[in-house]
Amino acid sequence: RDKKFYYTRVLLGCCRRTMRKQLDHNLTFHKLVAYAIALFTAVHIIAHLCNFEWYNDSQQAADGSLSSILSDLHQDEESNKWLNPIHSNSTTPAYVTFTTIPGLTGVIITVALILMVTSSMEFIRRSYFEVFWYTHHLFIIYFAGLVIHGIAGLVRGQTAESLNKHNPEHCAQDPTHWGGNNKHSHCEEPEFGSIPAESWQWVLAPILLYVFERVLRFWRSQQRVVVTKVVVHPSKVLELQMHKKGFSMEVGQYIFINSPSVSRLEWHPFTLTSAPEEDFFSVHIRAVGDWTENLIDTFQQQKPKTPRIEVDGPFGTASEDVFQYEVAMLVGAGIGVTPFASVLKSIWYKFQHADQRLKTKKIYFYWLCRDTGAFAWFNDLLASLEQEMEESGKASFLNYRLFLTGWDNSIAGQAAFNFDKDTDVVTGLKQKTSFGRPRWSNEFSAVATAHPRSVVGVFLCGPQALAKSLQKCCHQYSSLDPRKVKFYFNKENF
Amino acid sequence: MGRIEWAMWANEQALASGLILVTGGIVAVAAQFKGWPFAAYSIAAGVFVCLLEYPRGKRKKGSTMERCGQKYFTAVVKVFGPVTRNYYVRAILHAALAVPAGFLLSTILGMACLGIASAIYLLAAIRGEEWNPIEQKPQERPQVGGGTIKQPPTMPPPRPPVETRKKQPAEVAGQENPVPVAVEAE
């Protein structure tokens, strides 16, 4: 089950790329860690720049100072007891950098890091996702280099054994008299050893977890997916109904889809529009870019063998809370209406089968969009739900309002003209379409009046600004009296 | 990957390289490393690159997010016409600017990054991309009546002359009674 990797993702911070509208906490964590890495990389590099320069100066100094004496120690021997990693008098820090393991790996992984950072700028990410996604895989080079960065052990300290024979605090004052059989100072020549590489200890566990998750996702994606039904809706929307062994979903989740015939490497996320109670799972794909257009084209050609589809998922937090409220206010804005297809269907199934887990008695559904064109399929869904409810005599279960925010004079004129008709002129639904944005204060007070003693759950899938105003209304219209109406705003990430 | 404008990424990379050049340069000059004149050069080169790359060019498709306050830089960069518009020029310029920074360890990173930016610009130039300034849109006059009034009248409506518009005293305002009316006090 996907839930067992929830905290793994949080810990690793980035096992997933995400959809725009989801505020995954793991992404925020990942970005914070990335900023920290960038900052500390800068500090680390500046420090080592100074180190190499000063090591080089010490090695070249011939003035009998402490640093020049220390630099000369153990340089010619086979044993690894030296302190100064620079062994030559006539080299430069740059040359040393490129001929040692830490220097070379350092430069390579820093360049990789910088490329990753520049391609992750929000502007690039939002406009040219592939550049970001493929460049970000440089992290493989980054972590590989990071692990071997410290192997050579160039940064050294005095060995414990040597500290017994040479106390630096005392002996540093008279470096010319070290070693030999000097009875005065008991200072043997100091000996130095490497501090072992440590990075691998920190990154090993997360790397293994990440590799494991990628392997798992790959294995999952190789499972066979059977496309049971393909429907082409108006405004270039493709509905795919599919079947996969062992697939189980909850409302509000999403899957990643890959179609090798369109692009071998691209995976794109889509919200599941089917209810868990149905025996298939479905997505509605709208043509918004290369990949989606190609996919829709491929299916429209109706070749005898349907193109192969790979599915990874489902992901996302399941929103079971929707079913726990006696009264639910569901608000879907624009593309945010998609998860509600799943929610509404599921609620209807549970209601029909008198499912005990369903506490909901009444739903108020608000659909806000500029124009219904691309969501004609959702329109049909509402129409069929409307019809089913009437047939079961439970027409009052669902109360939905559609708000068209992209109206113009001609649409409004038509609406006014057809005022007396039974069905709405725009959608064909029994409920009339309203124009413009809803007045939430009116809506909330109406719901509060109709259900004076209920707990009302408010669920939103839409922009942040709308979330703020809904939250405000929830506070405003909740009664202080615990027996009276209470509105709870759910910040579920649908 | 058909819709990528490589120049946008090259721009980010070059801007980052400029900052890295400046940082590396400052470290070497402040600590007086051997060969620090190269670092002084790299500070100057870094600043120049940052100034050149700060104004983002206009994307061919879709809207482009401007960087904060970039319109002042755009005005200057625009002046150079084809020199700043052409990405071949930028590719060669960045490659040339990067070379002296390679002589000092502190600035080698800046050199590598600027070199990569130069390579991406070369790719952009080969694909025919160009730097176009983001122009400020002229301020639209706020429309009265929500745009439904197409030709608002320009003259005020005709009014009677000032004298006749003076307010009439209250008593004369009412009707003229044909029969005298006496008010009986109760």
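Analyst: A residue is called buried when its relative accessible area is under 20%. The model is predicted, and by this cut-off A:Y142, A:G145 and A:L146 are buried in helix α8 of chain A, which spans residues 139–148.

User: Why is A:S58 called buried?

Analyst: The relative accessible area of A:S58 is 15%, and because the label requires a value under 20%, A:S58 counts as buried. A:S58 is found in helix α2 of chain A, residues 25–60, and, when residues up to four places away in sequence are not counted, A:S58 touches A:S67, A:S68, A:S71 and A:N84.

User: Why is helix α7 of chain A described as largely enclosed by the rest of the structure?

Analyst: Helix α7 of chain A, residues 129–136, has 8 residues and 6 of them are buried, so the helix is largely enclosed by the rest of the structure. The buried residues of α7(A) are A:E130, A:V131, A:F132, A:W133, A:T135 and A:H136. For chain A as a whole, buried residues make up 47% of its 494 residues.

User: What makes the largest nonpolar core a core, and which elements supply it?

Analyst: A nonpolar core is a set of buried nonpolar residues joined through side-chain atoms within 4.5 Å. The largest one has 33 residues, and among those with the most contacts inside it are A:L330, A:L344, A:F365 and A:L398. At least two residues of this core come from each of β9, α13, β10, α14, β11 and β13 of chain A. Apart from this core lies another, of 28 residues, which includes A:V111 as well as B:I4, B:I20 and B:L109.

User: With which residues is A:L344 in contact, leaving aside its neighbours within four places in sequence?

Analyst: A:L344 is in contact with A:L330, A:I363, A:F365, A:F378, A:L382, A:L385 and A:L398.

User: How do you know that B:V83 belongs to a surface patch, and where is B:V83 placed?

Analyst: Patch residues must have over 30% relative accessible area, and nonpolar side chains are joined within 5 Å. B:V83 is listed with B:V76, B:V79, B:F80 and B:V89 in a nonpolar surface patch of about 470 Å², and its place is in helix α4 of chain B, residues 82–85.

Conventions. Residues are numbered from 1 along each chain as its sequence is written. Chains are lettered from A and ligands numbered from 1 in the order in which they are written. This is a predicted model: local features need pLDDT of at least 70, side-chain atom pairs count only at pLDDT 80 or more; totals for chains, interfaces and linings use all residues. Side-chain values use heavy atoms; hydrogens and water are left out. Patches are made of residues with over 30% relative accessible area and no salt bridge: like charges are joined within 9 Å, nonpolar side chains (Val, Leu, Ile, Met, Phe, Trp, Tyr) within 5 Å. Accessible areas come from the Shrake-Rupley method with a 1.4 Å probe; for residues, only the protein chains shown count as cover. A salt bridge is a side-chain nitrogen of Lys or Arg within 4 Å of a carboxyl oxygen of Asp or Glu. Helices (H or I, at least four residues) and strands (E, at least two) are DSSP runs, numbered from the N terminus. Buried means under 20% relative accessible area, exposed over 50%, partly exposed in between (1.4 Å probe, protein chains only). Contact means heavy atoms within 4.5 Å.
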